Amino acid sequence: MRKNIILLILMCVAIIPMAAENVVYLTTEQFKERVFDYTKEKEWKYKGSKPCVIDFYTTWCGPCRSIAPILEELAKEYEDQIVVYKVDVDNCRDIATAFGISSIPAVLYIPLDGEPSMTIGARNKSKFQSEIDKILLGK
């Protein structure tokens with residue numbers, strides 16, 4: 001009985017932070033539904049209703065882990081204006097190939113209208129804010 005209670009507590013502790021996240025983790029199929037179906041479409045057409053930031057990452061990448069909390073903060077701060085997605089390139093290699101991603105972290109900024117813009121490498125919060133404001137929100 002005691003083991004079950006401890007297990008239940010550990011599960012709750014693990015689930016609560018995930019439920020509070022504003023970042024959306026995408027599978028390949030979700031990417032094709034929400035962002036762009038690169039297997040069927042020839043011309044770029046973003047499917048979303050808000051501009052978005054897509055973080056292409058892996059779990060073993062140090063710089064990817066360093067920007068994760070920054071992107072989580074920004075997802076909360078800009079939640080009414082943008083969507084922040086994450087795509088694990090180890091699990092979604094076809095997306096990485098389709099977008100020519102050879103280095104990570106790679107961050108793709110997708111405005112509602114116009115072409116997406118890619119940056120490579122870790123950034124601090126103020127740099128991300130500047131890029132979101134300029135590229136996605138036209139500030």
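Guide: A charge sits over a ring if NZ of Lys or CZ of Arg is within 6 Å of the ring centre and within 35 degrees of the ring normal. In this predicted model, Lys32 lies over the face of Tyr38, at 5.9 Å from the ring centre.

Visitor: Which charged end sits over the ring of Tyr57?

Guide: That of Lys86, 4.4 Å from the centre of the Tyr57 ring.

Visitor: Why is Tyr57 called buried?

Guide: Buried means under 20% relative accessible area. Tyr57 has 12% relative accessibility, so Tyr57 counts as buried.

Visitor: How many aromatic pairs does a search of the whole structure find?

Guide: Six. One of them is Tyr25 with Tyr57.

Visitor: Why is the pair of Tyr25 and Tyr57 called edge-to-face?

Guide: Ring centres must lie within 6.5 Å, and planes over 60 degrees apart count as edge-to-face. Here the centres are 6.3 Å apart and the planes stand at 80 degrees, so the pair is edge-to-face. Tyr25 is in strand E1 and Tyr57 in strand E2, 32 residues apart.

Visitor: What makes Trp44 and Phe99 an edge-to-face pair?

Guide: Their centres are 6.3 Å apart, with 90 degrees between the planes. Trp44 lies in the loop between helix H2 and E2, and Phe99 in the loop between helix H4 and E4, so the pair ties together parts that are 55 residues apart in sequence.

Visitor: Which residues form one aromatic cluster?

Guide: Phe31, Phe36, Tyr38, Trp44, Phe56 and Phe99.

Terms used. Residues numbered from 1 in each chain as written. Predicted model: local features only at pLDDT ≥ 70, side-chain atom pairs only at ≥ 80, totals over all residues. Heavy atoms only, no water. Phe/Tyr/Trp six-rings, centres within 6.5 Å; stacked < 30°, edge-to-face > 60°. Helix = DSSP H or I, 4+ residues; strand = E, 2+ residues; numbered from the N terminus. Buried < 20%, exposed > 50% of the residue type's maximum accessible area, 1.4 Å probe, protein only.
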